[in-house]
Amino acid sequence: MSSEDDAGGEAPGGSFWEAGNYRRTVKRVDDGYRLCNDLISCFQERAKIERNYAQQLTEWSRKWRTNVEKGPQYGTLEKAWHAFLTAADKLSEIHLAVRNHLAGEDSDKIKAWQKEAYHKQMIGGFKETKEAEDGFRKAQKPWVKKMKDVSKVFHALYRDLYQVIMAADNQEDLKWWRNTHGPGMAMNWPQFEEWSLETQRPITKKEKSGKMADDVTLTSILPTRDGVVSQTPLQTRQSGGKEDISEWSDEDTPKKCLDANGHEEDIKVPGVRVRALYDYTGQEADELSFKAGEELMKISEEDEQGWCKGRLLTGQVGLYPANYVEKVGS
């Protein structure tokens, strides 16, 4: 298994303490050996330059010294010329000494240190490199696996978070709010029957004559003088041994009447059984509350504002909206 596999495939970047990043430090062993060779080569090349320069200075000085000795110059000019050539000879000796140090003593010291610090193995590489590699690997081995597990969980967490964030849709949220808390909410609206002329026409005598003699039809309720409710009898007449009920319609039923003092009051009835079409919760103390399907007794006709008075099966009496109920059997 390679060192990169042990490190979880992590690229050598970031902190030294991260998994696998010790390889940069281990690589310094190999780099050091190579740098020693490069430094020795550098010294050798400079030594050649120094030797060639010293040799050229010596040849140049020798050539011109011969010419000066054979030339017509004399006195101080000849003396200055010889001094100039002598300086070149001394400079040549200095560069020759530098060459000897670089090619000899300095290079030998680097080679000796390199041989002492680096020990090559039979299978290649250096002993020091393998020791450093094994030491770092053993030190990191206990927690490299944990690092892998943490990394997997970390990436899975952020992958899920990214997917959830990218799935956010403000239009879907607004649609949900509209349907749950806004105008899109479901509502148990009152159901109105379509008006037709057929349902509004008065019942004719011919249709009424088909009823049994013992059927009773409530036509109107009028209060007596003392305020006690009474029911007016049906106006019938015998015709050929059959009852003939006078013509009437719901339109003829009065909504209001005058009491004994001349004041207008609701017409009261002994009770008409009705059934609730919708749930209703009373908003005031004098209003009834009931559920859809619950039956109650209507004891007062609808007033001008659309309210009736009724009595629940529990005996509670109060007001309720007239369009929230229907007559039982209708």
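Helices here are DSSP runs of H or I with at least four residues, numbered from the N terminus. With that in hand, I placed A103 in helix α3, residues 75-117. The model is a predicted one, and I keep that in mind throughout.

**Entry 1: the overview.** I counted seven helices and 11 strands in the protein. The chain has 330 residues, and 22% of them count as buried. I also looked at contacts between residues at least 6 apart in sequence. Of these, 53% join residues at least 24 apart.

Entry 2: Is A103 buried, partly exposed or exposed? Its relative accessibility is 23%, so A103 counts as partly exposed. The cut-off for buried is under 20%. I then set aside neighbours within four places in sequence and found A103 in contact with Q44 and A47. A103 and Q44 are 59 residues apart along the chain, yet their C-alpha atoms are separated by 5.3 Å.

**Entry 3: H95, also checked in α3.** I found H95 in helix α3. H95 has 18% relative accessibility and therefore counts as buried. Which residues does H95 contact, leaving aside neighbours within four places in sequence? They are E50, Y53, A54 and L57.

**Entry 4: Q55.** I located Q55 in helix α2. At 44% relative accessibility, Q55 counts as partly exposed. I took one C-alpha to C-alpha distance from here: Q55 and L96 are 8.2 Å apart in space and 41 residues apart in sequence.

**Entry 5: α2 against α4.** Helix α2 covers residues 23-70 and helix α4 covers residues 127-167. Their axes come within 9 Å and cross at roughly 175 degrees. Angles over 145 degrees count as roughly antiparallel, so α2 and α4 are roughly antiparallel to each other. On the α2 side, I listed T25, V26, V29 and D30. They meet E128, T129, A132, E133 and F136 in α4. The residues of this contact divide into four nonpolar, two polar and three charged.

**Entry 6: the cores.** Which residues make up the largest nonpolar core? There are 11, among them V274, L288, F290, C308 and Y320. Apart from neighbours within four places in sequence, F290 is in contact with A276, Y278, D279, Y280, Y320, Y324 and V325. A second, separate core has six residues, including C36, I40, F43 and A47.

**Entry 7: strand β9 and its two partners.** Strand β8 (residues 295-300) pairs with β9 in the antiparallel sense over two bridges. K298 has G310 in β9 as its bridge partner. In this hairpin, six residues lie between the strands, and G306 takes a positive phi near 85 degrees. Next I turned to the other partner. Strand β9 (residues 307-311) and strand β10 (residues 317-321) are also antiparallel, with five bridges. In β10, L319 is the bridge partner of K309, and G318 is the bridge partner of G310. The hairpin of β9 and β10 has five residues between the strands. G315 in its turn has a positive phi of about 100 degrees.

**Entry 8: the two faces of β9.** Where do the side chains of β9 point? They alternate. C308 and G310 point to one face and are buried.

Note on methods
Residues are numbered from 1 along each chain as its sequence is written. This is a predicted model: local features need pLDDT of at least 70, side-chain atom pairs count only at pLDDT 80 or more; totals for chains, interfaces and linings use all residues. Side-chain values use heavy atoms; hydrogens and water are left out. Axes are lines fitted to C-alpha atoms, for helices over the stretch in contact, and angles run from 0 to 180 degrees between N-to-C directions. Angles under 35 degrees count as roughly parallel, over 145 as roughly antiparallel, 65 to 115 as roughly perpendicular and the rest as oblique. Contact means heavy atoms within 4.5 Å. Ala, Val, Leu, Ile, Met, Phe, Trp, Tyr, Cys and Pro count as nonpolar, Asp, Glu, Lys and Arg as charged, and the others, Gly among them, as polar. A nonpolar core is a set of buried Ala, Val, Leu, Ile, Met, Phe, Trp, Tyr and Cys residues joined through side-chain atoms within 4.5 Å. Buried means under 20% relative accessible area, exposed over 50%, partly exposed in between (1.4 Å probe, protein chains only). Two strands pair if DSSP finds at least two bridges between them.
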